[in-house]
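Please look at the structure below before reading on.

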Amino acid sequence: MSTDGPPIIDLSNFEERKEEIKDELMKAATTIGFFYITNHGIPQELIDRAFAINDRYFNQPAEVKAKYPSTDWAAVKLLGYEVNSMSEGGLVRESCIQKFPVHKEMEKVWPREEDCPNFKDTTIEFMEALPPVVDRLMSLFALGIGFREDYFKDITDVNNVENNTFLQYHKYPSWEGVDPSTWEQGVNRITAHTDESLMTLLFTSPGSVGLELAAGKDGQAVGSENGHYTVDKWTDCPPKPGCITVNVGDPLQFWSDGLLKSNYHRVRMPKPGESLAARYSMGWFVWPKDNVLIQGPQKKYPPTTMTEFMKVKGALYGASFNPDPEVYKANQHIAFGLPQVAATAIPAAS
Ligand SMILES: [Fe+2]
């Protein structure tokens with residue numbers, strides 16, 4: 001198993017370098033399932049403004065955020081503010097989920113200007129910058145898998161109301177003033193999981209380390225200790241200047257006949273000497289249209305749809321929806337054995 005971190009893949013001169021970029025993408029996606037992209041075309045100034053809005057949003061009073069609550073995760077009505085407990089040891093993170101304005105229900109969860117100035121405009125501007133990057137990556141993955149180049153174009157069209165691609169702002173609480181040597185063993189900022197998206201683009205606040213991936217395990221947990229996933233080795237995936245972190249999700253593993261790997265990842269607690277400040281991240285979770293048949297060109301696995309997929313994935317509580325029957329069965333066993341983690345109060349913002 002490789003212990004190297006994810007490669008940095010340069011997207012510059014994309015049209016002329018397509019073949020070379022495709023080879024690099026496929027090499028990363030078929031092994032560790034994670035990679036960084038640079039020269040992606042999204043202005044740093046826009047990313048910085050989105051982070052500023054992210055910070056402004058989460059630092060509003062709790063009663064203001066509570067005006068725009070999230071809806072049902074299992075029903076895939078992912079919108080608005082939520083405090084979620086997909087962390088071990090009762091830690092929580094706050095999230096805010098947005099979709100393209102074609103989803104009329106967004107109107108209920110955009111914060112009013114007086115509550116969070118420029119939130120809506122900046123968030124939409126940021127979201128609009130993302131699909132061109134996704135299109136380029138998905139076109140090369142389509143070729144690498146064995147489909148025609150534009151196979152995913154309509155399937156991932158964010159202006160289609162049947163498409164549930166979303167942007168999620170996250171804030172993990174600050175631990176300033178707390179001694180990192182007192183962390184309980186096995187407690188993480190977010191527990192090990194695989195993504196339910198086709199692909200995820202992740203932006204992380206500078207200096208905020210902690211993302212780790214389990215390379216080479218095909219999304220399979222190798223054991224369970226006290227109800228937590230364990231894998232034999234975690235590989236650091238720190239933020240890199242000018243780069244976006246990208247990973248393959250479960251449906252793309254499925255859609256590629258198991259060729260592309262949706263691997264476990266987590267955000268661990270800071271180690272002594274690392275920043276204890278709040279961690280901010282922004283994830284663009286690329287989903288296919290709800291009822292498109294998901295099946296690889298080799299038809300290795302039976303066809304499914306995103307709707308059917310989420311029924312299983314929701315029950316699996318973060319575990320891999322690995323289409324290989326043996327892995328799927330093992331993960332199901334582990335997932336259902338997990339204790340429910342109670343949300344506790346979020347530490348006061350520093
Ligand atoms: Fe994830």
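## Pairing of β7

In this predicted model, strand β7 and strand β12, which spans residues 244–248, pair in the antiparallel sense over four bridges. Within that pairing, Leu202 is found opposite Thr245 of β12.

β7 also pairs with strand β14, residues 279–286, again in the antiparallel sense and over six bridges. Here Met199 has Val286 of β14 standing opposite.

## Burial of β7

How many residues of strand β7 are buried? Six of the six residues in β7, which covers residues 199–204, are buried, so the strand is largely enclosed by the rest of the structure. The criterion for a buried residue is that 20 or more other C-beta atoms lie within 10 Å of its own.

The side chains of β7 divide between two directions: Met199, Leu201 and Phe203 point one way, and Thr200, Leu202 and Thr204 point the other way. Residues pointing in either direction are buried.

## The four-stranded open sheet

Four strands form an open sheet in the order β6-β13-β8-β11, with antiparallel pairing. The edges are β6 (188–193) and β11 (235–236); each has a single partner strand, so one side of each is left without a neighbour in the sheet.

Inside this order, strand β8 (residues 211–213) pairs with strand β13 (residues 265–268) in the antiparallel sense over three bridges. Glu212 has Arg266 in β13 as its bridge partner.

Technical notes. Residues are numbered from 1 along each chain as its sequence is written. This is a predicted model: local features need pLDDT of at least 70, side-chain atom pairs count only at pLDDT 80 or more; totals for chains, interfaces and linings use all residues. A residue is buried if 20 or more other C-beta atoms lie within 10 Å of its own, exposed if 12 or fewer, and partly exposed in between; C-beta atoms are placed from the backbone. Two strands pair if DSSP finds at least two bridges between them.
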